[in-house]
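Q: I am new to this structure. Please show me how to read its features, one at a time.

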Amino acid sequence: METKVIGLASDHAGFQTKEFIIEQLKAKGIPYKDFGCYSDVACDYADPAHELGYAVENGEVYPGIAVCGSGNGINMTLNKHQGVRSALSWTEEIARLARQHNDANVLVMPGRFITNEEAGKIVDIFLSTDFEGGRHQRRIDKIPLKK
């Protein structure tokens with residue numbers, strides 16, 4: 001997967017996991033942009049999710065990584081953006097398949113249900129797996145709403 005600047009977003013429940021991911025990216029020299037939140041004080045997941053979603057859509061960042069408590073809320077919000085294919089992944093295999101078969105451009109993880117070690121492995125798989133294309137491309141082409 002071609003990596004530009006990785007976009008990051010979380011709510012308060014995903015903040016610690018996001019901070020762990022930031023440290024991993026720094027250690028590997030991978031550039032990132034953090035769209036918040038910036039502490040573990042309660043916040044609404046939709047606010048940083050929309051910021052990340054817009055940035056993915058306009059090509060400012062690629063790919064994105066987002067974390068909230070269950071992963072569901074931030075994932076639902078991100079997938080409202082027509083240019084986003086956000087995949088909730090809690091195992092390495094799900095993250096790999098999200099890239100290979102679904103060309104996911106945002107990885108979402110459930111911060112309250114995985115360890116930092118698991119999150120790190122999931123991120124590594126997501127960033128190192130390419131989209132297979134082929135028969136999967138026609139399915140991807142059917143995802144956006146047509147007016």
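A: Start with contact: it means heavy atoms within 4.5 Å. Keep in mind that this model is predicted.

Q: Which residues does Gln100 touch, not counting residues up to four places away in sequence?
A: Gln100 touches Thr129, Asp130, Phe131, Glu132, Gly133 and His136.

Q: Where does Gln100 lie?
A: Gln100 is in helix α4, which covers residues 92-102.

Q: Is Gln100 buried or exposed?
A: Buried means under 20% relative accessible area. Gln100 has 15%, so Gln100 is buried.

Q: What is a disulfide?
A: A covalent bond that joins the sulfur atoms of two cysteines. Here the pair of sulfur atoms must lie within 2.5 Å.

Q: How many disulfides are there by this rule?
A: The count is 0 disulfides. Cys37 is in none, and its nearest cysteine sulfur belongs to Cys43, 3.7 Å away.

Q: What is the relative accessible area of Cys37, and how does Cys43 count?
A: Cys37 has 11% and is buried. Cys43 is partly exposed, at 25% relative accessibility.

Q: How is a pair of aromatic rings described?
A: By the distance of the centres and the angle of the planes. The whole structure has 0 aromatic pairs.

Q: Which ring does the charged end of Arg99 sit over?
A: The ring of Phe126. The charged end of Arg99 is 6.0 Å from the centre of that ring.

Key: Residues numbered from 1 in each chain as written. Predicted model: local features only at pLDDT ≥ 70, side-chain atom pairs only at ≥ 80, totals over all residues. Heavy atoms only, no water. Buried < 20%, exposed > 50% of the residue type's maximum accessible area, 1.4 Å probe, protein only. Phe/Tyr/Trp six-rings, centres within 6.5 Å; stacked < 30°, edge-to-face > 60°. Lys NZ or Arg CZ within 6 Å of the ring centre and 35° of its normal. Helix = DSSP H or I, 4+ residues; strand = E, 2+ residues; numbered from the N terminus.
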